[in-house]
Amino acid sequence: MRFQNAPGAPRRGRAGRVLATAVAAVLAIAAGYDAGTGGASPVAGIARSDQPELPAASLSAAEKAARAITHGKKIGGGVDFLGVVTGTAGDALLAALKPFETATGVKVNYEATFSQQSILQTRIDAGNPPDLVFSSYPLQLVQLAKAGKLIPLNGVVNMDAVRKQYPKPLLDLGTVKGKLYGYFSIVNYHALVWYNANKYGGPRHPTWAQLARWTKASAAQGKPSWCMGIESGATTGWPAANEVLDALFVRRYGPAMAAKWEQGKLPWSSPQVKWAWQSVGAIFTDPKLVTGGAAAVASTNFLAAGNGMFTSPPTCYLLPQAQWYGSYVPAAVQGATAADVGYFAFPSITPKYRNAQMVDGNQVAMLRNRPQARALAAYMSTPQFETLLAQTGQFLVPNAAVPTGAYPTPISRALAKELVASKATQAATILLPSVLFPVPVTNQFFKNLTSYLQNPGQLDNYLRDMDSVVKSSS
Amino acid sequence: MSRQALDLALGTTIIPLGVVAYLVASEGAVGRYRVDRPTLRAWLWLAPTLVLIGGVLVYPLLKTIYLSVKGPDSEKFVGTDNYKAIFTDPSLLSVLKVNLLWIVLFPLGAVLLGLVTAVLLDRVRYERIAKAIITVPTAISFVAGSVMWRLIYTYNAPGTPQIGTLNAFLNTVLPGFVPKAWLIDSRFNNYALIFVGVWMGTGLATLILSAAVKAVPKELVEAARIDGANEWHVFRRVMLPELVPALAVVTTTAVIAAIKVFDIVYVMTGGNYNTDVIATRMYSEQFAYQNTGLACAIAIVLLLAATPVLLANRGAMRREAAA
């Protein structure tokens, strides 16, 4: 574990370092990815700790956009805003909201919590909902919209611009009976495979079959190809579930079948789902294919999972992980620079599903029809606000009007160009299956997949158990 | 931040002032009316505590019992289904089994080690320093201690550098040692966790038992020695009987700690790999699986399991105080 290398960690001799390590470890546990919260990078708080400096020109452009929304009026007052983005990423979000406060005089009372879903429900039940929510639970928003708890955003945001600038599949996820109730303002791209550009000698844009041939050949030479670490406190298991199993399933069976699986219409004990589990198990329990075999996979923290790619000699070559990993490596992995980092999209299995781009993220939705809330909901949909978010270096934003040049690092510019600005990818954007299962199912998924990697012989039991959780939570 | 400071200031002034004002006012009231004063006064003085206990203990307890006979979303009445599940569902039974292991091994380890150190340290000059060292882990929070031990137990694949202290040490001293995944291999991970508990619990046991050892009358020990008893006999026949009340207190306290252990398991394994205990399962049923009914039933079972030990503990404390 290399937490102590995070910039900003106090360096006060040995005791200081030990303390920093312990604190970082606790942070990693705390940050450890509340099931399905997704949203911004779970490590943002560790990877960077400096307050983002935003370009003055962008800040004044954002102020201008905010003034246009309120027709130049300082409406004042406050707006209650409930989100999950916290730590350094939370600071970045607040920095991008600052021009809105300056221009409109509205104070944004932002509250971040890892148990957003239950807190939102509790506050609604108590008749005290926040004005706005920055939600990581698209399913919950749809349910709330159907129950009449959300205010439609048509007429609040500039619908023409929003339709033009945001990917249609993402808008559809927040649309109920033709009305828009939520739009994604931050997205996190999954189904990527990372490598060390100086050490990895395999195919750069392989199909799954090509990659399997290469990893097999590498195994025959005694070099395991895959890196993996799934340890993440109470949500241990998510890296194998989100970044590998979900990706395998979607690449082979496509979004429509994934939707059946998410909705409980395709059982976990079906041959399709079972194939995905077996494929994950075949790699991550075999020490010839993954460094250290199942025990190392289970005991390695997800943050340290790819460190072996940057040691000399490397102990592994490929790490499936979401987009945040690209900016995490130069900031936190010893001996790695931005130039070392390379990636390719998760390999294609069934050709027509090769572009399906899996994301999760944060949706803006409105619960109270107050002028301050309307103004903020409108502001957060503007390209000026989204540009500021991009410039913080903490997020990828789905707004196509944001120039890719806004991103501060080459890797984030490349990701934005390929994933956000490309029309083909935009049209094929889908949500990560793990985000669309009911919360108990997702949590049991992580837990059972973790157990399965230790006891591969019990697969049928674990899948039957999943089916019973689906049944009891529907 | 300023809001929190304000809350803190209000909390530290208004609550004590309010209680004092209430007591003054009630004393005034008692003086004014001709009633059975001792009884009335007692109730008036008890009232703030009763309100507090009622609000934070009795009401939540009743509500928990009520919720434990309901389904996951607290709407449907399910009778004793949740309780039946605890004692029939295989995954919950394994949780009970792991907790039983804790209940047996944790007190055994902590009390035995505590007793041995207390008795042996009584005989050396550097007792104070040694005792201070042994009690240091007691001062560490369970979460911080667990994070430390996670680093000690860290596993790296054989053939790669061992970052975990324990594997690195064994690797150095034992040629041909294969690194062990201490927290993952279910053959020994529960023992690894219990050891962390013992490491943190021994200090307190040592402190209490050491005080009891000091209280054993010196004349008694000397008399036994003069009568020809060897050291073992002195310990077994003279000291141990005197230590029984203290041992009872320490053991029951340790058993209660073992019944409700949470932090070590939650931080170190998250309940994975067959290490789930009752308290971690209660937590995950509520917060990960959103099954409020089952979580509440587990809470009640936990309470019922701890209550007899708690009563024994109280009895032991009284006897120890009397001894």
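Two strands are taken to pair if DSSP finds at least two bridges between them. With that cut-off in mind, strand E6 (residues 183-189) of chain A and E10(A) are joined by six bridges and run antiparallel. The model is a predicted one, and what follows should be read accordingly.

Strand E10 (residues 357-366) of chain A has 10 of its 10 residues buried, so it is largely enclosed by the rest of the structure.

| Partner of E10(A) | Sense | Bridges | A residue pair |
|---|---|---|---|
| E6(A), residues 183-189 | antiparallel | six | Tyr189(A) and Val359(A) |

Chain A as a whole contains 20 helices and 11 strands, and of its 474 residues 55% count as buried. Among its contacts between residues at least 6 apart in sequence, 78% join residues at least 24 apart.

Helix H14 (residues 371-379) of chain A is mostly covered, with eight of its nine residues buried; among these are Gln372(A), Arg374(A), Leu376(A), Ala377(A) and Tyr379(A). In soluble globular proteins, nonpolar side chains tend to be buried together. The largest nonpolar core here has 201 residues, and the members that touch the most other members are Leu132(A), Leu245(A), Leu376(A), Ala377(A) and Tyr379(A). Helix H10 (residues 238-262) of chain A gives the most to this core, contributing 12 residues. As for Tyr379(A), once residues up to four places away in sequence are set aside, it touches Ala65(A), Ala66(A), Ile69(A), Phe100(A) and Phe385(A).

**Chain B**

The secondary structure of chain B comes to 13 helices and zero strands. A compact globule of 323 residues would have a radius of gyration near 20 Å, whereas the value for chain B is 26 Å, and the C-alpha atoms of chain B fill a box of roughly 80 × 60 × 45 Å along the principal axes. Of the 323 residues of chain B, 33% count as buried, and 68% of its contacts between residues at least 6 apart in sequence join residues at least 24 apart.

**Where the chains meet**

How many residues of chain B are in contact with chain A? There are 23 of them, and they are in contact with 26 residues of chain A. On the side of chain B that touches chain A, the elements that give two or more residues are helix H6 (142-153) and helix H11 (263-268) of chain B, with the largest share, four residues, coming from H6(B). By residue class, this side of chain B divides into 16 nonpolar, six polar and one charged.

Methods
Residues numbered from 1 in each chain as written. Chains lettered and ligands numbered in written order. Predicted model: local features only at pLDDT ≥ 70, side-chain atom pairs only at ≥ 80, totals over all residues. Contact = placed C-beta atoms within 7 Å. Nonpolar A, V, L, I, M, F, W, Y, C, P; charged D, E, K, R; others polar. Buried ≥ 20, exposed ≤ 12 C-beta atoms within 10 Å, placed from the backbone. Core = buried A, V, L, I, M, F, W, Y, C linked by C-beta atoms within 7 Å. Rg over C-alpha atoms; globule rule 2.2 N^0.38 Å.
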